[in-house]
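Q: I'd like to learn how to read a protein model feature by feature. Can you walk me through one?

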Amino acid sequence: MDSSEEIALRGLLGEISNELGSLASQWERAAWATPRHRFLPDRLWVGETLTLCDREKSPDAWFQAAYANEPAVTQINDGKDPGDGERWPSSSASAPNIVFRMLDMLDVEPGAKILEIGTGTGWNAGLLTRVAGPGTVTSIELDPGLATEAEERLRREGASVHVVIGDGAKGYPERAPYDRLEATCSVRRVPRPWLAQVKPGGVILTPWDSPWICYGLLRLTVDDAGNASGPFSPHSAFMVMPDQRTNLGIYRDVVREDQQPEESATTISPWDVAGQDFEAQFAIGIQLRDVWRTWQKAPVEGVSSRLWVATTDATSWAAVDWDGKSQGRFTVWQYGPRRLWNEVEAAYGWWKLHDSPGPERFGLTVTPEGETVWLDSPDQHVFATG
Ligand SMILES: C[S@@+](CC[C@H](N)C(=O)[O-])C[C@H]1O[C@@H](n2cnc3c(N)ncnc32)[C@H](O)[C@@H]1O
């Protein structure tokens, strides 16, 4: 490592350590042995607009992005050219603070057998293998190009990881059972094959997503019967597995001109349920597992924003206009067999009634038959889903 790389990594580790309270020495050693910039491709997409940052043309900006405490987006739109259309990240080296938070929560000991879902750049797999030891880590990636590049980088850096191309939702039974399974893409349902491939007492750690909001980390412990249970914790967004995404367009898929919605009014502000309160949104998302939402800016003259809510099968929808106020009366339109705004209000009301619990008070029990959400303790079931 040259001196600028050393300075950048030391600064980043200091930031992470402050944010997490401390950073275990085994992970600090792993970070020095696995420099992040050596795992990043020459093309990154940076900023809110996901602008291309090419290492050859802008080496300083590229290096800065490599050592920022932020996700480094390494692929957009599943590798397809977005043209003038919307850009969205489809692979990234996750933000270093989240990477180390998850590694810390995973509780890895030397010799542990680990399955990582979502190889991406290979950086996290490299870190894992420095602590667990050569040959202990299997990492599975859906995108063949990304998997091949990551495998090459890992080999070049002397990190012995078994990289597999495939769908991580199926796990990787060939090398099971595992002591730890870490997903680095989020899920809306815990894939059932994971339960059978992790040893009793083993841990499954995965980012959580609902069509309402991608928020929360879930840490499950597997029991002797092959079920798993554990708490959520608060943390920010992760990209969702492709087959669990909701890609609805309001006018393309949901709303038709001949539909006649029912009009009413509400005193609950749409900002309260879909603004910046992640805890409220997490609680709504975990109750309404098939309800998606999006904001539309200035839908018609005189309205600053409109909240659209729809079922993921696009059969029912609701819209509420918001004029930037937190109190007042807001106009609501609802269409379809379900009265979705009423459902959102009920979910929000439930959350308020239970003292506005954050994700850390919720947990999930997963069995081959279904999932049960609990509050405060695994015997206090609050919602069940299939
Ligand atoms: C946030 S990135 C992973 C970051 C990675 N661990 C690293 O260190 O760079 C998420 C990755 O998950 C992959 N992915 C999404 N769904 C998947 C699936 N079902 N099976 C395997 N990989 C998947 C994506 O292609 C993407 O590369």
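This is a predicted model: local features need pLDDT of at least 70, side-chain atom pairs count only at pLDDT 80 or more; totals for chains, interfaces and linings use all residues.

Q: Is Ala150 buried or exposed?

A: The idea is to count neighbours: 20 or more other C-beta atoms within 10 Å makes a residue buried. Ala150 has 27 of them, so Ala150 is buried. You'll find Ala150 in helix H6 (residues 144-156).

Q: Which residues does Ala150 touch, not counting those up to four places away in sequence?

A: Leaving out those sequence neighbours, Ala150 touches Thr119, Gly120, Thr121, Gly122, Glu141 and Val163.

Q: What describes the way two packed helices sit together?

A: In general, you give the angle between their axes and the distance between the axes. Here, take helix H10 (residues 278-287) and helix H11 (residues 340-353): their axes come within 9 Å and cross at roughly 120 degrees. That angle is why H10 counts as oblique to H11. The crossing is right-handed.

Q: Which residues make the contact between H10 and H11?

A: From H10 you have Ala280, Ala283, Ile284 and Gln287, and from H11 there are Val344, Ala347, Tyr348, Trp350 and Trp351. By class, that contact comes to 8 nonpolar, 1 polar and no charged residues.

Q: What should I look for in the backbone angles?

A: Now the cases here. The peptide bond from Ala176 to Pro177 is cis, with omega near 0 degrees. Pro177 belongs to the loop between strand E7 (161-165) and strand E8 (178-183).

Q: What is phi for Asp107, and where does Asp107 lie?

A: Phi of Asp107 is near 60 degrees, a positive value. Asp107 is in the loop between helix H4 (96-106) and strand E5 (114-117). Asp107 is partly exposed, having 13 other C-beta atoms within 10 Å.

Q: And what is phi for Asp376?

A: Asp376 has a positive phi of about 70 degrees. Look for Asp376 in the loop between strand E18 (371-375) and strand E19 (381-385). With 14 other C-beta atoms within 10 Å, Asp376 is partly exposed.

Definitions and conventions. Residues are numbered from 1 along each chain as its sequence is written. Helices (H or I, at least four residues) and strands (E, at least two) are DSSP runs, numbered from the N terminus. A residue is buried if 20 or more other C-beta atoms lie within 10 Å of its own, exposed if 12 or fewer, and partly exposed in between; C-beta atoms are placed from the backbone. Two residues are in contact if their C-beta atoms, placed from the backbone, lie within 7 Å. Axes are lines fitted to C-alpha atoms, for helices over the stretch in contact, and angles run from 0 to 180 degrees between N-to-C directions. Angles under 35 degrees count as roughly parallel, over 145 as roughly antiparallel, 65 to 115 as roughly perpendicular and the rest as oblique. A crossing is left-handed if the near helix is turned anticlockwise from the far one by less than a right angle, and right-handed if clockwise. Ala, Val, Leu, Ile, Met, Phe, Trp, Tyr, Cys and Pro count as nonpolar, Asp, Glu, Lys and Arg as charged, and the others, Gly among them, as polar.
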